[in-house]
Amino acid sequence: MAKENQQAPVPMSNGAMQQQEQDMFKQVEVMETILREKHTRISNIKTPKSYTKKRPDGYDYVDEAYMRHQLNKLYPVWSWELDKVEFLGSEWVYVHGHLVISDATIQRKFGAVGATRVQFKRDKQTGGSLPHTHENVIDIDKNVATANTNAFKRAVNRLCNIADDIYKK
């Protein structure tokens, strides 16, 4: 009996389909404009000096806590997913992850890599290097965490435009 009460869908005319398509394109254009303006506004935010530090090679960098705070404030729905941790010989740790955000109800994703040198103990008397063996590795978890932080910050900057003034993107 339920089938008897159902009506067949009414086909749309060509004109109605074209109008629906035009309306959809207008909505997409509006959303793209909103996103561009949002990202331009965020890109123009000056990073407070108290969160900017200088690396030994002279380049500036931004504290991860500041970037995470801005991410929470500007894109409250996000996740960081670590895809891979890999050791390149005994000297480097490399990670690959991706940041997923909800940007004005649109899910966006950016993959990033980060790496750092593995830290090894030094001779306590001379200060010289000890052999680069697994016995002499200092806190491998901190080395992995540093590489992860580097990848995370790169993704936050590239996808969300946070700290563009420092990273010049």
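Helix H3 (64-74) gives the most to the lining of the largest cavity, with three residues. Helices here are DSSP runs of H or I of at least four residues and strands are runs of E of at least two, numbered from the N terminus. The lining consists of Ile42, Ile45, Thr47, Tyr66, Gln70, Leu74, Ile162 and Ala163. A cavity is a set of points on a 1 Å grid over the protein atoms alone where a 1.4 Å probe fits but cannot get out, and lining residues have an atom within 4 Å of a point.

The largest cavity holds about 40 Å³ of space, and one cavity of 30 Å³ or more is found in the whole structure. Grid points are joined across faces, edges and corners, and the volume is the space filled by probe spheres set on the points.

## Basis of the model

The model is predicted: local features need pLDDT of at least 70, side-chain atom pairs count only at pLDDT 80 or more, and totals for chains, interfaces and linings use all residues. Residues are numbered from 1 along each chain as its sequence is written, and side-chain values use heavy atoms, with hydrogens and water left out.

## Nonpolar core

The largest nonpolar core has 24 residues, and Leu71, Leu99, Cys160 and Ile162 have the most contacts inside it. Such a core is a set of buried Ala, Val, Leu, Ile, Met, Phe, Trp, Tyr and Cys residues joined through side-chain atoms within 4.5 Å; buried means under 20% relative accessible area with a 1.4 Å probe, protein chains only. H3, S4 and helix H4 (140-160) each supply at least two residues of this core. H4 contributes the largest share, eight residues.

Beyond its neighbours within four places in sequence, Ile162 is in contact with Ile42, Met67, Gln70, Leu71, Leu74, Val156 and Asn157. Contact means heavy atoms within 4.5 Å.

## Sheet and hairpin

Three strands form an open sheet in the order S3-S4-S5, with antiparallel pairing. Strand S3 (78-88) and S5 are at the edges with a single partner strand each, so one side of each has no neighbour in the sheet. Neighbouring strands are turned by 15° against each other on average, direction ignored. H4 packs on the sheet, touching S3, S4 and S5, and its direction makes about 140° with that of S5. Axes are lines fitted to C-alpha atoms, for helices over the stretch in contact, and angles run from 0 to 180 degrees between N-to-C directions.

S4 (residues 92-103) and S5 (residues 106-117) pair over 12 bridges; pairing requires at least two bridges found by DSSP. Tyrosine 94 stands opposite alanine 115, and valine 95 opposite glycine 114. Two residues lie between the strands of this hairpin, where alanine 104 takes a positive phi near 55°.

Notes. Buried < 20%, exposed > 50% of the residue type's maximum accessible area, 1.4 Å probe, protein only. 1 Å grid on protein atoms, 1.4 Å probe; cavity = no way out; pocket = protein on both sides within 12 Å on 5 of 7 lines; lining within 4 Å.
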